[in-house]
2 protein chains.
Amino acid sequence: MSHPRGPLAQLRRGHEELVLGLLRKHGPLSRGELGKLCQLSRTTLYDILAGLVAGGAVVTTGPQDAPRGRGRPAETLTLNPEAGQAIGIDFARRAVHVAAVNLAHEIVGSASEPHDADLSWERRVDLAERLVGSLNDGGLRLGALSAIGAGVVGPVGWPEPEDDLEADEPAHPVQSLLRERFGAPVLLDNNTRLAALGEAIWGAAAGGRDVLYLRLSHGVGGGLVVGGALHRGAYGLSGEFGHITVDPDGAPCGCGGTGCLETVASIRAVLDAYRAAGGRADDVPELVKAIRAGDGTALTLLKGVGGTIGGVLAAVCNAIGPSVIVIGGELAETGPALIEPVERALRAQVMPVSRHRVSLRRATLGEAAGALGGIALVLHESPLLSRYPAGPDLAPDLLEDTKQRHP
Amino acid sequence: MSHPRGPLAQLRRGHEELVLGLLRKHGPLSRGELGKLCQLSRTTLYDILAGLVAGGAVVTTGPQDAPRGRGRPAETLTLNPEAGQAIGIDFARRAVHVAAVNLAHEIVGSASEPHDADLSWERRVDLAERLVGSLNDGGLRLGALSAIGAGVVGPVGWPEPEDDLEADEPAHPVQSLLRERFGAPVLLDNNTRLAALGEAIWGAAAGGRDVLYLRLSHGVGGGLVVGGALHRGAYGLSGEFGHITVDPDGAPCGCGGTGCLETVASIRAVLDAYRAAGGRADDVPELVKAIRAGDGTALTLLKGVGGTIGGVLAAVCNAIGPSVIVIGGELAETGPALIEPVERALRAQVMPVSRHRVSLRRATLGEAAGALGGIALVLHESPLLSRYPAGPDLAPDLLEDTKQRHP
């Protein structure tokens, strides 16, 4: 599938999505069965199918165990398991992570590579392209790619529903680079928010409609899934849990504020505090070792940090009412030494009526969370699905399909 | 319109909604014009119109300035400006507030009456019925009522999208009482959350898609409008800003927690603190008088309370990223003495990048906010609109109409 603009191209892509959706739902179908289900004219359907087969999205297979004799047995059409439908890319500060799903919405694979923090966007996109090329042992086909969901560091504005998603002004330089390189639409969001979506769709909070995700890393941030959808906030500035004030007389924060949670609970803040208290650790793995060895200084420190984090989570919980809180980022590797005091403070400070209704979990997707969230973004928010012109019998199928993707 | 259940009744109501939507959009139309626009069969349309005219939703008017001679001039059909389409009712702790809109979505009027806190639900519904009967000088017709949006004190669960909204189990006793009395579906929510929706649709934050509403009254609560829709949270427990801890060593709160914002910023907390500091005021109007007279004790007290409120709002802002914060409830009547310190603390503690992006406003709807929010709930979430079976040419009109209601 190429990605020209204009209403006719939009209509054609809508037809393609319809046919792919039917094959996803029903499995292998003959042309005749597809024709009945999709209600497109024979000419249109055959034209669409020819394009899908040529692009590698759909493969034709001969009939298995079909009785011979009565004319030529019907050929069946199947989704190509090697055809990538959506790619997720997480452009983190010092690494690129990618993942892809095929047309059956199965995860085909994921890959990562670290890089210097000052690498240009051009080179980062080169790296992403190479990583995508390595997926499925190099066998991933991109002819049926519907879109890319990419995450970047920092706030990302999001167009209003009435904006044209394919308008000429990209929100970020990487958007046009990716669009040129992969020839597909690019949906962009903050990478921590995408990690939140990833954990809510595929990870620790899978199936949760109201999820709070907190990432404790070099920075402290997070994201909210609200009613099953990623929440962005009026100016793309939601989920900034790291900049909630925990001590008005505290340390200055990189954001320009004072005493933010990040000044207490980032990797550097924790390591600095640990060393100031006489501990020795240059990174999180060394801190984890000290904790496993029962180091009292480390345990006391994390108890205090965890209590502060729990208090912030309780406040946000009262405001938003999530069913699941997910804690990710490298500092979550410190395990119960941190998570237990977080949980104690959370349950002590959240409204008593909510105390046993919210569950606290460690993130499960690791560094792939952002890339997987990018895929979820594409599958949930593809303008192709929402803009498909509804017909009398097409609409119910399409709606049902869309509902399945928005559980 | 009566409200029997079942798919055929649902279809009929869908047709009625379609015809009413066309009259709302295009103004007066002849039967012929309506027939072309709605694409229903002539028999079905005439049957639907007969029902709407008999129920008082639609009135027929003779042709104005029509040329005589060529047969009988066409009669036109118009929405009855006296026909209520939606009623909002706020069952507050000690008062009932009602409001209604007609089929053109114009507010027909609102009314309130206080009552004892221990009045039975039966009697409260009597009161609501009487107040509704008084609207439009008693001229409001209820034959075309599509639904009632009602607010009650306390948490209200909300059915999942797949639940049957007309299922037999009511979420609250008032729901079945209202359904029996008015013969219309009843949508229920927490009344403070409905006030948030009211302010976001008709009031201080009209048109805002991401709105935080804080009510400072006998209790301290609020609501969130997220992406243009009311946010409910996983267990119907969102917007509980009053139970965010502001002092872990503070006073016990009615919720079972300690040092909640409500223990500092409720009417009673403020009046108690004022009297403890030597001030004399039995209620908010007396406190307002003291402030207007420049009473230093009152001003110092409100400065402190405002600073605490502003800190909580900053934390929630960082988490959610609203574009507008609305402060309502009786304590907001203290004006700049409270609002200015709230704003100073908010701007000092919110992320600097958000500092000038969020605007703080006083609520404008007063005690009618909850009832108006109930109407907004009906117009936004009527299952009739979302369940209307889409046809080839009907869908675009209907979608457009729905979009207009979800700006």
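Author: A salt bridge here is a side-chain nitrogen of Lys or Arg within 4 Å of a carboxyl oxygen of Asp or Glu. This is a predicted model, where local features need pLDDT of at least 70, side-chain atom pairs count only at pLDDT 80 or more, and totals for chains, interfaces and linings use all residues. Side-chain values use heavy atoms, without hydrogens or water, residues are numbered from 1 along each chain as its sequence is written, and chains are lettered from A and ligands numbered from 1 in the order written.

Reader: OK, so which residue does Arg275(B) form a salt bridge with?
Author: Asp272(B), with the closest N and O atoms 2.9 Å apart. Both lie in helix 8 (residues 267–276) of chain B, three residues apart, about one turn of the helix. Helices are DSSP runs (H or I, at least four residues) and strands are too (E, at least two), numbered from the N terminus.

Reader: And Arg232(B) with Asp189(B): buried or exposed?
Author: Both are buried, meaning under 20% relative accessible area, with exposed over 50% and partly exposed in between (1.4 Å probe, protein chains only). Their side chains meet in a salt bridge at 2.5 Å, N to O. That pair links distant parts of the chain, 43 residues apart: Asp189(B) is in strand 8 (residues 186–190) of chain B, and Arg232(B) is in the loop between strand 11 (229–231) and helix 7 (262–265).

Reader: Switching topic, how many salt bridges are there over all chains?
Author: The count comes to 26.
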